[in-house]
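Subject: Structure handover

Hello,

Here is the structure we spoke about. My notes on what was found in it follow below.

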Amino acid sequence: MQFVDVDYPELIERKCSVIRETPQLRQLINPSLGLDRVKTDSEIRLKSEQYLAIACDLQDLTRLESALWSEIDLTNSLILFTAEVSLTYMETPAADALITWTSQFDHGKW
Amino acid sequence: MSTEPFDEWEEFMLFAHHYALIEAWNGGTSESSLQNGGLKDDPARLNPDDQMEAPDSEDNSSSFSCRPSKLPNKVSCRRFGASWELENGIVGHLGGLGKDCRLNTTDLYQLGHRPLRPRDAIPTLDTPCLCHTITSLGLGKALLAGGRTSPDAALAGCWFLSENSWRKVDDMPRPLYRHSAVAVILSSSPGVLVFGGRHTEGAGSDRWYLWSASNGWIEPRTPDVRPDARFSSTMVALSDQQGLLFGGLRADCTICYDLWKWTLSEHSGYFFLGFEDLSSIGDFQKQREMICRVGACSVQRNTSIVIAGGTGSNVFAQQHEIIEFFLDFEGQKLRLWPLRRSQGVERMCLVGHSMLSTEQFLAIVGGGVTCFSFGSYWNQCSYVLDLANDTELRKGEENHQEQILKVIPQHCMANDAGRSTDEIIAKISKVPRCRVETARQFDRKILESRPFVLEGLNLGACTDKWTLDILRTKIGEDRKVCSLHAACDSMAHLIR
């Protein structure tokens, strides 16, 4: 099972910094990628067996989809989507588009 | 890491009440965990009526008609202000948070059918405040105690209103806000009893303080067994030296589900407070969630107590927002009934509001909430609750749709003591000129609250660029630009 964390680049970078700088979190997450703070355009900021940090504006669905596909086999995965303090702050059309996008997966659940 | 000082408890609770959990899935094979008794048997869910229905609401529920009085433009929308009765039928509403800033002004209202007459303005306070208390001591006197500016700046200052002017009196032993205060009588003179409240650091207070004009603030002796520290609780006087205390929030965000009777007594020059724990009286335990609230207002009415608004651990059903309860000490019974709004009466925001009882009416003024990041809601009206079940009264009112609650126009105060408002003569004085070099000097000039002309400032390129020709082109030759501000008091506040 892998927890995929998606947020704005600035915020996800801040989160990754905290993980990098906190020994207990580093040990727990044990990232294989992203341990060094390297300036990167790649959406994947931190990767480990159980955690994936993705820097992506949720309004950019194309980018989100390609970032996810690069790491996960979406068609053969069971996906649980959770949204907390994210959808409510988006403009309605963008939030609708995101929810519609998630409905394409056969084994998806909110 | 520092955290922002926080004091939006009722809003936080309302926000939490509106938390939704939505489950959605693709395909038809998945079964909802919600359907299979996951949340169905949760007692604290969907239908608050089931658990909050008063036992004898069938026979005893009263309904009230409510007259909203739309606020005219010059009356401020206020939240977390305080109100008091100046005299029969005249109430004041002071301070609080306004739409743009914290307020130090007072709005005056008249209730009833007498002709409206202007009054001398209640002077503005030195410091705007909210979450303070004002307690009426009769004969036009009142005590303003505590309050805060920002959540991390509690105030200890107290002001006594007499002959329409504020006189600074003794500071409270500790700065407090969201405390409760009631009028009491000690040694035949009026006093104010204060309990609870919140300190600057955020902790709740469990202290009782007593104020009188002759003694200032003293702490009556209290027994070991007494109410927990808390703020925004409900305290009401049943008589000159006795009353009730219930509800409120502890510093750890738990609601106090208790009911206490306090009794003030005096002996050999010392004051004592006795407490009786009434939490096992009658049906209190079943009703406690309706009675014990955070930020509710209450008044004593005849032999019962009316509680309006505030928040609780669960959402109040609309008809339970305002309730009335009666304590029968002899029979150890508690009777509670909801006050239902009659048809067509609009719902009002009962957070940050203030309620008083004057003449035969209950008035609710102020009120409003901020929903974090989504904006604020303000009550645009004041409300008069007519609880009379007297059909004669009802009939009389049907005949004239007259406003029961009217805003009293306030005369500007004379600047010099002894001069009546008819005698104010405008004086022409020269505006002093000065130079400032630093931000600190500028701030000090601002504190003086007097007009001044700054010389020698670097105003930028406009001093060269703004020729008459340019101004003519940009502004236009016909445009008249003239602004005149007149203020009623020497503080010259232009922001209203």
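Leaving aside neighbours within four places in sequence, B:Phe325 is in contact with B:Leu244, B:Phe246, B:Ile291, B:Ser304, B:Ile305, B:Ile307, B:Leu334, B:Arg335 and B:Leu336. Please keep in mind that this is a predicted model.

B:Phe325 also belongs to the largest nonpolar core, which has 25 residues. Together with B:Ile291 and B:Leu334, B:Phe325 touches the most other members of that core. At least two core residues come from each of these elements of chain B: helix 1, strand 15 (242-246), helix 5 (284-291), strand 19 (304-308), strand 20 (322-328) and strand 21 (333-341).

Helix 1 of chain B spans residues 9-17, and its buried residues are B:Trp9, B:Glu10, B:Glu11, B:Met13 and B:His17. Strand 24 (368-371) of chain B is part of what covers them.

Now the interface. Ten residues of chain A are in contact with eleven of chain B. The two chains bury about 700 Å² between them, with carbon and sulfur atoms giving 41% of that area. On the chain A side, 63% of the area buried against chain B is supplied by A:Tyr89, A:Lys109 and A:Trp110, more than by any other three residues.

The rule finds one salt bridge across this interface. In a salt bridge, the side chain of A:Lys109 meets that of B:Glu23 at 3.5 Å, N to O. The side of chain A that touches chain B has three nonpolar, four polar and three charged residues. Two residue pairs are in polar contact between the chains, counting those with both residues at pLDDT 80 or more.

Regards

Terms used
Residues are numbered from 1 along each chain as its sequence is written. Chains are lettered from A and ligands numbered from 1 in the order in which they are written. This is a predicted model: local features need pLDDT of at least 70, side-chain atom pairs count only at pLDDT 80 or more; totals for chains, interfaces and linings use all residues. Side-chain values use heavy atoms; hydrogens and water are left out. Contact means heavy atoms within 4.5 Å. Buried area is the accessible area (1.4 Å probe) that two parts lose on being put together, summed over both. A salt bridge is a side-chain nitrogen of Lys or Arg within 4 Å of a carboxyl oxygen of Asp or Glu. A polar contact is a pair of N or O atoms within 3.5 Å; within protein, one must be able to donate a hydrogen and the other to accept it, and residues adjacent in sequence count only if both atoms are side-chain atoms. Ala, Val, Leu, Ile, Met, Phe, Trp, Tyr, Cys and Pro count as nonpolar, Asp, Glu, Lys and Arg as charged, and the others, Gly among them, as polar. Buried means under 20% relative accessible area, exposed over 50%, partly exposed in between (1.4 Å probe, protein chains only). Helices (H or I, at least four residues) and strands (E, at least two) are DSSP runs, numbered from the N terminus. A nonpolar core is a set of buried Ala, Val, Leu, Ile, Met, Phe, Trp, Tyr and Cys residues joined through side-chain atoms within 4.5 Å.
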